[in-house]
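Subject: Structure handover

Hi,

Here is the structure I promised to pass on to you. Have a look at it first, and then read on for what turned up in it.

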Amino acid sequence: MRNVLTALLLGAVSFAPGAVWAESLTDALISAYRTSHLLDQNQAVLRAADEDVATAVGALLPVLTFAAQASDTQRESFSAFGRATYTTTFSGSLNLIASLSLLDFGRNKQNIAIKNELVLASQQALVNVEQQVLLDAVTAYVQMSLQTGLVAAQQSNVHLISQDLQAARDKFDVGEVTKTDVALSEAQLASANAQLASAQGNYNVAREQYKAKIGHYPAALSGLPKTPLTVKTIDEARAIALRTHPVVLEVQHQAKAADLGVEYAKAQMRPTLTGKITVQNPYSNNAFLKPTEALELDLNQTIYAGGQQSAGFRKAIAQSQQAHAALLQTGVSVSFAVGQAWSNILVANASIAANEEQIRAAQAAYDGVQQEAQLGSRTTLDVLNSEQTLLSAKASSLQARANFAIGQYTLLSAMGLLTADHLHLGIPTFDPQQYYNAVKNAPATSSQGARLDKIMKSLGK
């Protein structure tokens, strides 16, 4: 397999004469991981989900508020002689209020558990995005190599037909062939130039795709490394996929969150007990009065809300059923993706063998037709047709090898193993626990804020 894949990419090196360094697939994957804005976007989505946990935790902690009130009252009064007098009273207060949820029948704890499951789901969604980024990079790398090889093949074809045309013209000058033979060669050369222009256009598109997916334009490319694929049967691949694929794990956590949502909806129907301590320091006419303290206990229970809570409970049950159905369907989709990738690999592998045999036969036919044409038993058209058959066989072989390479990495992705860690890229990767651990307890102090700033700086944000 290594020889086959190396042959696929030989043309890439020739496209950068004088290059002393060739970019490997590992180099390209590292660049794609480091420069992907899609990964940046979804890492931010995950951090936002982490903050949802902090918000839920904050509901269990005391709330301390400060309030200041002030008023200026002016009263008018009249003396026995009808003279008006005005009395101005300035009053106000400074209030410090602390409140705490004392009893909510597990409502807030259920909410925290839900948010935690959603964080775990977001972590798996990020892994799946990472897989897509790396698979796109593999595809761009292989396509760049393929288009380089196809351009080289078309250039060789133009050169060969140009030689045929010159030979036809020389023979026409001495009367060995007719003007028709020259015209056939001229038409074939025009067609070859058109095919070369098309191949060069595809090459330019592949360059742009390479830059979009990997972060820079390609120079010389080296051969593909051995694919880290160890499964021997499709059943083994499916078992790994159903156990480790991030989409499966993501939907599992979403289903757990939906189950917890049913319990949360139940808790919404129960009472809440809140304690409040208020310290008030009143002020009147340029003097603070004696502070007062108050302790309050508030017990709230909804008796009737127009069926809203019952509807919320039924909705939570339906959402749980939906999540579990989605989990089953996700398993079907992942299993299908594995089967499809496995089938594509088998087809590509069979195509490689068939194309190699076709190239061997087409080369032998071309050599024979060319020799027979020199002896006058074959026409110029026979030579041109055999050249195109050989070119088509070589192009099909290049495409099959590209399909085989992409198919193997697609299978890795379908199994949930196309990650920077599994591929051993050897670079620092995003740690989802680092930010989560910093915010899960709802930090608010400056020291914790400085810690968050340090984390964000380490992430390059």
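A crossing of two helices is called right-handed if the near helix is turned clockwise from the far one by less than a right angle, and left-handed if anticlockwise. In this model, which is a predicted one, helix 7 passes helix 9 in a right-handed crossing. The axes of helix 7 (residues 234-244) and helix 9 (residues 308-374) come within 9 Å and cross at roughly 145°. On the helix 7 side, the residues that meet helix 9 are Ile234, Ala237, Arg238, Ala241 and Leu242. Their partners in helix 9 are Gly331, Val334, Ser335, Val338, Gly339 and Trp342. Sorted by class, this contact has seven nonpolar residues, three polar and one charged.

Next, the nonpolar interior. In soluble globular proteins, nonpolar side chains tend to be buried together. Here the largest nonpolar core has 74 residues, and Leu29, Tyr409, Leu411 and Leu423 touch the most other members. Several helices give two or more residues to this core, including helix 3 (25-35), helix 4 (37-58), helix 6 (179-214) and helix 10 (380-414). Helix 5 gives the most, with 20 residues. Another core, of eight residues, lies apart from it and has Ala362, Ala373, Val383 and Leu390 among its members.

Neighbours within four places in sequence aside, leucine 411 is in contact with Leu229, Ala237, Val338, Ala341, Trp342 and Ile345. Of these, Ala237, Val338 and Trp342 also belong to the contact of helix 7 with helix 9.

Helix 3 is worth a look too. Leu25, Ala28, Leu29, Ile30, Ser31, Ala32 and Tyr33 are its buried residues, and they pack against helix 4, helix 5, helix 6 and helix 10.

On to the charges: how many salt bridges does a search of the whole structure find? There are six. One of them joins glutamate 356 to arginine 401, with the closest N and O atoms 1.9 Å apart. This pair links distant parts of the chain, as glutamate 356 sits in helix 9 and arginine 401 in helix 10, 45 residues apart. Glutamate 356 is partly exposed, at 33% relative accessible area, whereas arginine 401 counts as buried because its relative accessibility is 12%, under the 20% cut-off.

Another salt bridge brings together the side chains of glutamate 357 and arginine 360, at 2.6 Å from N to O. Glutamate 357 and arginine 360 are three residues apart in helix 9, so about one helical turn separates them. Glutamate 357 is partly exposed, with a relative accessible area of 43%. Glutamate 372 and arginine 378 form a salt bridge as well, their closest N and O atoms being 2.6 Å apart. Glutamate 372 is partly exposed at 31% relative accessibility, and arginine 378 is partly exposed with a relative accessible area of 36%.

Finally, two single residues. Is leucine 299 buried or exposed? Leucine 299, in strand 4 (residues 292-300), is exposed, with a relative accessible area of 62%. Beyond four places in sequence, leucine 299 is in contact with Pro271, Thr272 and Leu273. Valine 439, in helix 11 (residues 432-439), is buried, with a relative accessible area of 0%.

Best wishes

How values were computed
Residues numbered from 1 in each chain as written. Predicted model: local features only at pLDDT ≥ 70, side-chain atom pairs only at ≥ 80, totals over all residues. Heavy atoms only, no water. Helix = DSSP H or I, 4+ residues; strand = E, 2+ residues; numbered from the N terminus. Buried < 20%, exposed > 50% of the residue type's maximum accessible area, 1.4 Å probe, protein only. Axes fitted to C-alpha atoms, helices over the stretch in contact; angles between N-to-C directions. Contact = heavy atoms within 4.5 Å. Nonpolar A, V, L, I, M, F, W, Y, C, P; charged D, E, K, R; others polar. Core = buried A, V, L, I, M, F, W, Y, C linked by side-chain atoms within 4.5 Å. Salt bridge = Lys/Arg side-chain N within 4 Å of Asp/Glu carboxyl O.
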